[in-house]
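Here is a friendly walk through one protein model, from a single residue out to the whole chain. Please keep the viewer open as you read.

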Amino acid sequence: MDYIEKGTKAFHKANWALFLAGFITFANLYVSQPLLPTFAEEFHVSPAVASLSLSVTTLALSISMIIVGSLSEAWGRKSLMTISIFAASILTLALAFSPNFETILVLRVIQGVVFAGLPAIAMAYLGEEMNPSSLGIAMGLYISGNSVGGLSGRVIIGTLTDLYNWQVGMIVLGIISLIISVLFVWMLPNSQHFSARPLQIKALTKSLMQHLKDPSMQCLFAISFVLMGSFVTLYNYIGFKLMAPPYHLSATIVGWIFVIYLVGTFSSAWFGSLADRFGRQKMLLLAIAIMLAGAIITLQGLLLLKIVGITVFTFGFFAAHSIASGWVSKRATHDKAQASSLYLFFYYFGSSVGGTVGGIFWMHFGWIGVVAMITVFLVIACGLTFVLKSVIAKQRFVTGH
């Protein structure tokens, strides 16, 4: 059975299906982010507590992905991804009818669990079904769907919150998500290079530990933690900054700022392709440096420069994530869904930790505190990239190839 290659009909269908699935997953995952100031005001909670509407979701997602990634080795890829996106869509509709903030948190935890059925499995599907020469661009296109989804969910909810209320925004997004879920089932080709096997907890636990003990994987997992911790921290609290004096921007305008995510659509696909040509380490370091430059630019008081800084930061983040996630698929010699699940566990765990801790920095030190925290995270990411290069060179020397 042939692998899916760039330029074929199967390539286009698979990538469109996963692009759309990533779109609705991340639209729903980050739907609460532009609502943090609204939740803080409507439910009389602090910014750090309001941020829990995103942090509890990403925490539940990170834990659940390890389990779901293992289950997919026995139950199949497409079936679990289908259940995931339909359930997530229905829960977004349910959020619209939440009577209080506590109910929102409970539903968001459940949503975090069901979200787990897509990200790690989608990465594993691509790793198994794509020709290796086409994997970089395919992974980049999938991640670009994530960026477009994250953008669209925020814009929809921000605009509809100003025009009507956040509940209407949830209903509209839920309906859109259900329609796209149907398209996903129709478009995604069935797995050709996956063989289901009995669910053996002992064997799965053993393979999980093998991934965790691999020094190169450890570096990639740690990189994912600090990259996502940085990214979510910036976007969690930029809304508070821009809605406060001297800017006084509305929820609609803040929501539209997430249009910046479109640069991630470009950079993820472009840097994924560049990594295939020029090497992953060089491109990853460049992407991290771009993120750092963008964060520093946001310290400027002029609104236009803040927007430029956010744009540069976002460009670098999606480029770095595309390279690191593709690197995990390449390094994994077995149980690719598990390896992807672990990468994303640390990725979303970083989101939960960074997103909440960033609130403490925001409340005590303002925006300069948020940028200082992000800077520390990115310096750590650079150091880990150099360590990763050394580890891979050592492993090649030991194995002889």
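Y347 sits in helix 16 (residues 336-399); helices here are DSSP runs of H or I with at least four residues, strands are runs of E with at least two, and both are numbered from the N terminus. This is a predicted model, in which local features need pLDDT of at least 70 and side-chain atom pairs count only at pLDDT 80 or more, while totals for chains, interfaces and linings use all residues. Residues are numbered from 1 along each chain as its sequence is written, and side-chain values use heavy atoms, with hydrogens and water left out.

With a relative accessible area of 4%, Y347 is buried; the term buried stands for under 20% relative accessible area, exposed for over 50%, and partly exposed for what lies in between (1.4 Å probe, protein chains only). Setting aside neighbours within four places in sequence, Y347 is in contact with S224, F225, M228, F317 and H321, where contact means heavy atoms within 4.5 Å. Y347 and G255 are 92 residues apart in sequence, and their C-alpha atoms are 24 Å apart in space.

## Two residues of helix 8

Let us turn to helix 8 (residues 132-163), where T159 is found. T159 counts as buried because its relative accessibility is 18%. Its side chain reaches the backbone oxygen of V155 at 2.9 Å. This is a polar contact, that is, a pair of N or O atoms within 3.5 Å; within protein, one must be able to donate a hydrogen and the other to accept it, and residues adjacent in sequence count only if both atoms are side-chain atoms. Neighbours within four places in sequence aside, T159 is in contact with T252 and W256.

N146 also lies in helix 8. N146 has a relative accessibility of 6%, so N146 counts as buried too. With neighbours within four places in sequence left out, N146 is in contact with G22 and F26.

Does the length of helix 6 agree or disagree with what its residue count predicts? At 1.5 Å a residue, the 15 residues of helix 6 (residues 101-115) should span 21 Å, and the end C-alpha atoms are 20 Å apart, which agrees. The expected span is 1.5 Å times one less than the number of residues in the helix.

Buried residues of helix 6 include F101, I104, L105 and F115. R108 and Q111 in helix 6 are buried as well.

## A salt bridge

The count comes to 1 salt bridge, defined as a side-chain nitrogen of Lys or Arg within 4 Å of a carboxyl oxygen of Asp or Glu. The side chains of E128 and R77 form this salt bridge, at 2.2 Å from N to O. The pair links distant parts of the chain, with E128 in helix 7 (residues 119-129) and R77 in helix 5 (residues 77-95), 51 residues apart. Both E128 and R77 are buried.

## The whole chain

The chain has 16 helices and 0 strands. Its C-alpha atoms fill a box of roughly 60 × 40 × 40 Å along the principal axes. Of the 401 residues, 60% are buried. Among contacts with a separation of 6 or more, 83% join residues 24 or more positions apart.
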